Amino acid sequence: MSSHDLEFKNIVVLITGAASGLGAALAEVLGNLGAKLVLGDLNASALGHFVSHLQQQNIAVVSLAGDVCDEAYHHQLVDLAISNWEKLDIAVNNAGIATGMKAFTEITLEEFDHTLNVNSKGVFLGMKAQISTMLKQQSGNILNVSSVAGLNAAPKLAAYSASKHAVIGLTKTAAIEYAKKNIRVNAICPFYTATPLVTQSELSDKIDFLNIASPMKRIAETKEIISVMMMLCSPQHTYLTGQAIAVDGGVTAL
Ligand SMILES: NC(=O)c1ccc[n+]([C@@H]2O[C@H](COP(=O)([O-])OP(=O)(O)OC[C@H]3O[C@@H](n4cnc5c(N)ncnc54)[C@H](O)[C@@H]3O)[C@@H](O)[C@H]2O)c1
């Protein structure tokens with residue numbers, strides 16, 4: 001056991017988009033370190049299966065399926081944390097969708113709106129509910145999941161890129177507004193990572209191309225993103241706020 005392994009014991013962590021990929025991997029690691037979990041996802045059946053899998057490991061977990069575009073849903077998730085464990089230490093706004101690759105002029109208004117609704121508005125609404133509670137308890141730590149597409153251009157992914165740039169704007173602004181209130185807000189910006197968002201989407205045909213785009217000539221493994229998410233979530237890093245950290249094998253250094 002490392003010196004960091006006790007830092008999540010009895011810490012209450014809310015994660016959206018927790019039935020798959022990065023959200024699920026983070027939940028399982030933190031749960032095994034003693035965190036108490038509040039998990040959400042749009043996919044009720046996948047969430048139910050995953051929660052059973054966690055309970056078999058004696059992880060403390062409650063869950064609620066719902067859509068991050070729904071403001072009331074975020075209040076219900078926060079209320080679950082408070083009613084079960086009387087606090088909300090960490091919130092991870094992770095739920096997100098990928099879009100198909102399309103030229104700028106081919107993207108429909110419906111696709112643009114849907115992408116920004118889930119990836120940007122979903123984070124905004126989550127943060128509003130979470131910050132309200134964190135203000136009352138005078139502490140809190142929020143991690144938003146952006147992307148390298150939130151830092152740089154992402155050709156053929158204009159709506160996704162716009163949605164992830166917005167996440168960084170929300171992150172930095174809230175970090176400054178609440179810096180004096182003992183609430184930290186950071187974002188992680190991964191390069192392509194081998195989760196279902198990539199491996200079970202039309203991007204799966206493009207993995208060779210994505211590998212070549214990276215200085216390391218490979219996309220990320222889930223555990224390489226999770227280790228940095230844990231660092232950004234960690235109660236130990238009390239002076240870390242307002243940052244958008246690229247975890248990208250050097251892509252943004254090019
Ligand atoms: N995998 C990558 O290459 C990569 C790279 C950069 C950023 N990201 C971001 O990481 C986050 C997690 O993605 P992932 O790779 O684990 O993908 P994933 O598809 O494996 O998981 C995303 C989860 O979010 C849920 N979700 C989708 N829409 C939702 C909604 N409206 N309300 C509630 N839940 C919803 C899905 O059901 C799914 O379980 C996303 O925000 C994504 O944009 C992923």
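Start with helix H6: with 3 residues, H6 gives the most to the shell around the ligand. Keep in mind that this is a predicted model.

How many residues surround the ligand? There are 28, and the closest are Ser20, Asp41, Tyr160, Thr193 and Thr195. By type, the shell divides into 14 nonpolar, 11 polar and 3 charged residues.

The side chain of aspartate 41 puts an N or O atom 2.6 Å from an oxygen atom of the ligand. At leucine 42, a backbone N or O atom sits 3.1 Å from a nitrogen atom of the ligand. At glycine 21, a polar backbone atom is 3.5 Å from a ligand oxygen atom.

How much of the ligand does the protein bury? Alone, the ligand exposes 830 Å², and the protein buries 92% of that. Which elements give two or more residues to the shell? They are H1, helix H5 (158–177) and helix H6 (196–199).

Helix H1 covers residues 21–32, 12 residues in total. From first C-alpha to last, H1 reaches 17 Å, close to the 16 Å expected.

Which residues of H1 are buried? Leu22, Gly23, Ala24, Leu26, Ala27, Leu30 and Gly31.

One last detail. Just after H1, glycine 34 takes a positive phi of about 100 degrees.

Conventions
Residues numbered from 1 in each chain as written. Predicted model: local features only at pLDDT ≥ 70, side-chain atom pairs only at ≥ 80, totals over all residues. Heavy atoms only, no water. Helix = DSSP H or I, 4+ residues; strand = E, 2+ residues; numbered from the N terminus. Expected span 1.5 Å × (residues − 1). Buried < 20%, exposed > 50% of the residue type's maximum accessible area, 1.4 Å probe, protein only. Near = heavy atom within 4 Å. Polar contact = N/O pair within 3.5 Å; in protein donor to acceptor, adjacent residues only side chain to side chain. Areas by Shrake-Rupley, 256 points an atom, 1.4 Å probe, with all protein chains shown as cover. Nonpolar A, V, L, I, M, F, W, Y, C, P; charged D, E, K, R; others polar.
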